[in-house]
Amino acid sequence: MFQIDINCDLGESFGAYKIGMDEEILSFVTSANIACGFHAGDPSVMRKTVKLALQNGVAIGAHPGLPDLIGFGRRNMNVTAQEAYEMVVYQIGALYGFTKSEGARMQHVKPHGALYNMAAKNKELSEAIAEAVYKVDPGLVLYGLSGSELVRSGEKIGLQTAHEIFADRTYQQDGTLTARNQPDALIYSKEHAIAQVVRIVKEGKVMSQQGVDISLKADTVCIHGDGENALSFAQSIKNTLEAASISIKAFK
């Protein structure tokens, strides 16, 4: 039996600004990556999203990003390993407080945006992030791009790791995601995106932008909750994966 966790980046509204359809999406995912206030989110949104996740039986994870609210954490910043360590500890701690206050336990940590992509390649940065997670709680799972430096650093320090794949993103031959500033970075066809996920889960392969198949391990798949057709896509991917005999469960 094939199995996959469906995760989604949530809690990205802040102040008067509403982003995404968190309440609706939570019916179709098994893990929630909740923004911790640096790239998005605020204390009120964090608490609300934790409560919503618990009501839906969805595993809770911290989603720490770079301190770049204007750029939504998607712009590279020249941060040191020590700075990365400190900002990840800080953000995990913030969400941990809300999770603990609701009588629940945090399951995982998944870096956001540019921090995630930088750590996928940069060993020093990935080791700092893994150390931050481990020192806060060695029982937390570290989500990282499948086959990346971040996953390797997590495994090296003793964390349980989840190899993550993406439904709506294209891949480069080295296993990294195509940069968002490239015209072919996103997959807009629902059918294409879902077919890509099914193939990765069942065959462990994905076609890169260079026309070469690359191997990927898939423990969890990321879907996004802020697109125009996000809810429809969430429903479709869940139904299609189950129809393909792929069990959907939170990562263990």
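Which side chain meets that of Arg 105 in a salt bridge? Select Asp 137: the two side chains form a salt bridge at 3.9 Å, N to O. A salt bridge here is a side-chain nitrogen of Lys or Arg within 4 Å of a carboxyl oxygen of Asp or Glu.

The model is predicted, so local features need pLDDT of at least 70 and side-chain atom pairs count only at pLDDT 80 or more, while totals for chains, interfaces and linings use all residues. Residues are numbered from 1 along each chain as its sequence is written, and side-chain values use heavy atoms, with hydrogens and water left out.

Stay on this pair. Arg 105 lies in the loop between H3 and S4 and Asp 137 in the loop between H5 and S5, so parts 32 residues apart in sequence are tied together. Helices (H or I, at least four residues) and strands (E, at least two) are DSSP runs, numbered from the N terminus. Arg 105 counts as exposed, at 53% relative accessibility; Asp 137 is partly exposed, at 21%. Buried means under 20% relative accessible area, exposed over 50%, and partly exposed in between (1.4 Å probe, protein chains only).

Next, select Lys 110 and Asp 9. Their salt bridge has its closest N and O atoms 3.2 Å apart. Lys 110 is in the loop between strand S4 (108-109) and H4, and Asp 9 in strand S1 (residues 2-10), 101 residues away. Both residues are buried.

Keep Lys 110 and show Tyr 116. Lys 110 lies over the face of this ring, 5.8 Å from its centre (the criterion is NZ of Lys or CZ of Arg within 6 Å of the ring centre and within 35 degrees of the ring normal). Tyr 116 is one of the buried residues of helix H4 (residues 113-121).

Now select Tyr 143 and Phe 251. They form an edge-to-face aromatic pair, 6.4 Å centre to centre with 75° between the planes. Rings of Phe, Tyr and Trp (its six-membered ring) pair if their centres lie within 6.5 Å; planes under 30 degrees apart count as stacked, over 60 as edge-to-face and the rest as tilted. Tyr 143 is buried at 0%, and Phe 251 is buried at 11%.

Last, go to Arg 169, in the loop between S6 and helix H7 (190-203). Arg 169 is buried yet has no salt bridge; Asp 168, the nearest side chain of opposite charge, is 5.6 Å away (Lys and Arg count as positive, Asp and Glu as negative; His and the chain ends are not counted).
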